[in-house]
Amino acid sequence: MKVSLKVWRQKNANAAGEFKTYASPELNPNMSFLEMLDVVNEELSNRGEDPIAFDHDCREGICGTCSLVIDGKPHGPHKGVATCQTYMRSFSNGDQIVIEPWRAKAFPIVKDLVCDRKSFDRIQQAGGFISVRTGSAPDANSIPVPKENADLAMDAAQCIGCGACVAACKNASAMLFVSAKVSHLGLMPQGQPERYKRVKAMVDQMDTEGFGACTVTGSCEAVCPKEISLDFIARMNRDYAVALIQGDPKQVVGGGAG
Amino acid sequence: MATLNSQIPAGPLSDKWEKHKFSSKLINPANKRKYKVIVVGAGLAGASASATLAELGYEVHNFVFHDSPRRAHSVAAQGGINAAKNYQNDGDSVHRLFYDTIKGGDYRAREANVHRLAEVSVNIIDQCAAQGVPFAREYGGLLDNRSFGGAQVSRTFYARGQTGQQLLLGAYSALNKMIGAGGVKSYTHSEMLDLVVVDGHAKGIIVRNLQTGEITRHSADAVVLATGGYGNVYNLSTYARGSNVTASWRAYKRGACFGNPCYTQIHPTCIPVSGDYQSKLTLMSESLRNDGRIWVPKRKEDCKKNPADIAEGDRDYYLERMYSAFGNLAPRDVASRAAKYVCDEGRGIGDTGLGVYLDFGDSIRRLGEGKVRERYGNLFSMYHEITNEDAYKTPMRIYPAVHYTMGGLWVDYNLMSNIPGLFVLGEANFSDHGANRLGASALMQGLSDGYFVLPSTITTYLANVKAGGRPATDRGEFKQAEEEVRNFTRRVTSNNGKRTPDSFHKQLGKIMWDYCGMARTETGLQKAIQLIGDLREEFRTNVKVLGEPDGLNQPLEKAGRVADFIELGELMCRDALMREESCGGHFREEYQYTPNDPEVQQGVVNTGDVKRRDDQFAFVAAWEYAGAPDKAPILNKEPLIYEEVKMSTRSYK
Ligand SMILES: Cc1cc2nc3c(=O)[nH]c(=O)nc-3n(C[C@H](O)[C@H](O)[C@H](O)COP(=O)(O)OP(=O)(O)OC[C@H]3O[C@@H](n4cnc5c(N)ncnc54)[C@H](O)[C@@H]3O)c2cc1C
Ligand code: FES
């Protein structure tokens with residue numbers, strides 16, 4: 001099979017971008033989408049043209065690096081998979097495929113199809129953790145966790161941090177991502193002591209980064225490669241409301257000489 | 001010659017670690033913040049080390065080439081992590097985990113390191129559970145376990161098929177906590193391109209920012225490499241595409257010894273290659289072997305038939321036949337080689353004939369499709385995505401693929417290389433898995449090194465370093481290292497070459513797989529060394545890198561990594577050639593059991609099993625760079641002394 005590609009090319013963050021069209025060489029339907037791009041790039045390079053920059057690493061849907069909008073859909077035509085798990089057999093001979101990067105204010109473009117997602121890291125640095133020092137943990141089985149909670153926490157924890165939810169949202173909201181993180185820790189007994197402090201810090205950082213508001217259209221859930229549920233957003237909103245009512249904890253000064 | 005002192009503490013095996021910790025020097029809390037430590041890598045090993053060192057008060061600078069620390073290749077681990085908790089009451093203990101790991105490594109690992117690993121394993125699970133890692137649980141709320149490749153007890157903890165991602169997110173959250181608190185400065189998109197050695201000590205690194213192309217110098221009181229394994233030397237592997245050997249290799253070229261480079265693990269259950277466009281091989285978790293049965297047709301003529309049309313009696317469940325005690329759960333090296341044998345006999349299945357069946361038919365009949373779906377649903381859908389086949393209806397096709405590298409930079413008991421001040425953790429070091437790694441033990445080692453070992457052993461070095469005395473980055477050593485990095489970039493971008501870095505990588509991978517893969521011979525390895533030498537030369541003159549060095553340039557990144565892989569490939573072949581024995585994942589065709597051997601006649605091993613030669617090869621091969629890529633490297637030997645376990649023939653029958 002052969003396809004034609006309409007690809008977003010942009011030299012760097014400050015340059016203006018444009019679409020360029022390329023004809024693919026002969027392809028095998030069992031190729032992954034990224035392998036198809038490898039083959040196209042090899043041809044471009046051999047012709048002396050700058051190959052298309054795109055992000056990828058594990059190529060098995062777990063690292064969250066790949067990030068392409070394919071024909072208007074983040075991660076392409078199939079539900080519940082990432083770009084790297086999309087295969088050419090999902091397209092037909094002669095198709096034109098449009099490929100764009102994630103587009104969001106908080107994900108500036110670095111080059112071509114590569115964007116910068118450091119804003120996600122900063123949200124987690126603001127509070128996405130349980131404060132436990134190495135060496136201070138009790139025996140693991142001394143903290144039983146009801147299986148339902150552990151399973152639900154795991155549903156949330158599956159998020160691979162790719163940012164497709166942001167790319168799909170017309171407001172470029174990061175609510176699905178943040179709510180998955182907040183819910184994972186908030187559902188575990190270990191996460192209770194910092195539960196409200198955590199949600200407040202993460203949501204505030206999310207706003208600072210310039211992500212938009214959530215209007216519950218559900219486009220994020222629809223493209224999520226791990227099919228993270230919108231319910232987590234509701235759960236986070238409840239926690240956030242409680243956090244606002246509670247206000248900041250009173251500062252207690254330590255001290256006392258012994 | 002390098003000086004190699006393993007620094008193994010004296011005393012009984014089970015007391016060594018406790019005694020060592022007690023006798024190691026301490027650094028007072030007020031002084032700790034005066035020491036700056038560079039950690040390269042934020043996989044399980046690097047993230048856990050960075051977080052813990054920062055908690056202790058050191059100033060930590062963490063570097064990753066990824067766009068976020070959370071994307072380290074550790075994220076891809078599926079199956080689980082071992083720990084000697086004995087929560088299942090099935091006879092596990094620290095000693096049994098130690099023993100299994102030593103035996104699994106085919107008696108080529110250090111006893112003291114492995115014992116420490118087994119001891120620390122229990123703390124890891126506690127630590128991760130406290131961080132909120134959502135491990136699988138039983139209905140009572142307690143942690144669940146499963147048995148995993150090569151073990152007869154259930155000591156593996158897991159989080160669905162994503163144990164690596166969940167453990168990494170735990171370590172990443174600890175790292176984030178310390179970044180937020182100002183204890184760690186995190187540099188992403190930052191690739192270490194050289195190690196700076198000042199007066200014989202590791203004191204800094206040279207880094208390229210992959211987004212801007214900027215090259216910077218960083219100095220520190222100690223440098224920690226936690227940069228992962230080098231299996232991508234084979235091009236096709238289960239590793240992420242970005243995994244590379246550059247950090248370790250540049251350290252090697254600055255004088256760090258490379259230990260046992262030829263020890264590679266080929267994993268038995270991966271999806272077979274489908275075409276030459278292939279960029280990676282996907283692992284199907286070994287946990288599948290708990291319920292799947294591996295077979296090929298007994299007769300060659302049946303190989304192209306629909307498996308459903310091959311009668312039960314015409315199937316050869318060869319692992320069950322050859323290794324009755326372990327059956328389908330035989331260790332990876334054993335299972336991979338057996339698959340190779342049956343395919344070499346012409347009994348392989350699929351279009352290429354390089355495949356065997358992993359069949360769930362029996363389990364589905366016994367447990368019902370629902371139960372199988374519950375256990376392995378995500379793996380079955382992954383398999384379906386890739387192959388377009390439904391493994392509930394027809395058996396999976398699998399074949400071995402490169403998966404892990406047991407070799408790595410040589411380290412002593414303190415995880416310090418022979419360059420003082422350079423520490424190496426996780427898959428990047430050589431230390432704990434001998435010639436073969438058991439399933440679920442790499443995650444354990446990475447976290448053991450990072451959370452518990454390094455934070456305690458680094459003081460053995462730092463206590464003798466003057467606080468605040470690290471060199472300034474305008475010293476000659478820094479300038480020179482930076483200049484070498486710039487020279488490489490200039491050379492490959494201005495070269496009038498014709499071939500892309502990727503095309504060299506493919507060619508190298510094929511040489512390595514053909515001659516230094518699952519079976520190796522003297523003539524094959526000699527040929528490979530010659531071919532790789534030619535390839536190195538061609539790369540120098542004929543590589544082509546387009547685009548500018550400033551800013552994101554993926555072919556430039558690739559060129560540096562491939563250049564290092566080519567040199568590493570040659571060293572691996574030299575190591576494999578030198579090691580005139582078979583052990584674990586290293587199989588030299590000349591050294592295997594034959595029907596005439598008493599061990600075969602007594603039924604301890606099978607014909608074709610690996611034959612060690614302990615009298616001559618019970619040592620770690622620590623290779624030292626001789627100053628130029630075309631000069632033969634120098635072999636240093638660290639003898640392996642077994643005090644506790646008797647080196648014996650490894651039997652899984
Ligand atoms: C598909 C798969 C499944 C696996 N499943 C299991 C399992 O179930 N159980 C198990 O125990 N093991 C498993 N393993 C093995 C295990 O995952 C790895 O051995 C382990 O995670 C390696 O961790 P690490 O911290 O040493 O390195 P990595 O996680 O590879 O991290 C390397 C880090 O170094 C950085 N880095 C590398 N080079 C540079 C450089 N030059 N400059 C800057 N940064 C650099 C990277 O950015 C990254 O942060 C699996 C491996 C694979 C491939
Ligand atoms: S490349 Fe890792 S998720 Fe796609």
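Q: Which residues are linked in a network of salt bridges?
A: The structure is a predicted model, where local features need pLDDT of at least 70, side-chain atom pairs count only at pLDDT 80 or more, and totals for chains, interfaces and linings use all residues; side-chain values use heavy atoms, with hydrogens and water left out. Residues are numbered from 1 along each chain as its sequence is written, and chains are lettered from A and ligands numbered from 1 in the order in which they are written. A salt bridge is a side-chain nitrogen of Lys or Arg within 4 Å of a carboxyl oxygen of Asp or Glu. The network links D106(B), R108(B), D333(B), R337(B), R579(B), E581(B), R612(B), D614(B) and R650(B).

Q: How many salt bridges are there over all chains?
A: The rule pairs Lys or Arg with Asp or Glu. Applied over all chains, the count comes to 75.

Q: How far apart in sequence are the parts that R217(B) and E482(B) tie together?
A: Their side chains meet in a salt bridge (2.5 Å, N to O). R217(B) lies in strand β8 (residues 215-219) of chain B and E482(B) in helix α13 (residues 476-494) of chain B. Helices (H or I, at least four residues) and strands (E, at least two) are DSSP runs, numbered from the N terminus. So the pair ties together parts that are apart by 265 residues.

Q: Is E482(B) buried or exposed?
A: Buried means under 20% relative accessible area, exposed over 50%, and partly exposed in between (1.4 Å probe, protein chains only). At 11%, E482(B) counts as buried.

Q: What separates D344(B) and K340(B) in helix α9?
A: The two form a salt bridge, with the closest N and O atoms 2.7 Å apart. They are four residues apart in helix α9 (residues 332-347) of chain B. An α-helix has 3.6 residues a turn, so residues three or four places apart point the same way. The separation of D344(B) and K340(B) is about one helical turn.

Q: Where is H189(B)?
A: H189(B) is buried, with a relative accessible area of 9%. Its place is in chain B, in the loop between β5 (184-187) and β6 (190-198).

Q: Which side chain of chain A makes a polar contact with the side chain of H189(B)?
A: A polar contact is a pair of N or O atoms within 3.5 Å; within protein, one must be able to donate a hydrogen and the other to accept it, and residues adjacent in sequence count only if both atoms are side-chain atoms. One such contact, of 3.5 Å, joins the side chains of H189(B) and T188(B). Across to chain A, the partner at 3.5 Å is K118(A).

Q: How many residues of chain A are in contact with chain B?
A: Contact means heavy atoms within 4.5 Å. On the chain B side, 74 residues take part. On the chain A side, the number is 73.

Q: What area is buried between chain A and chain B?
A: Buried area is the accessible area (1.4 Å probe) that two parts lose on being put together, summed over both. Carbon and sulfur atoms give 51% of it. The area is about 5,900 Å².

Q: How many salt bridges join chain A and chain B?
A: The side chains of D67(B) and R117(A) meet in a salt bridge (3.4 Å, N to O). Between chain A and chain B, the count is four.
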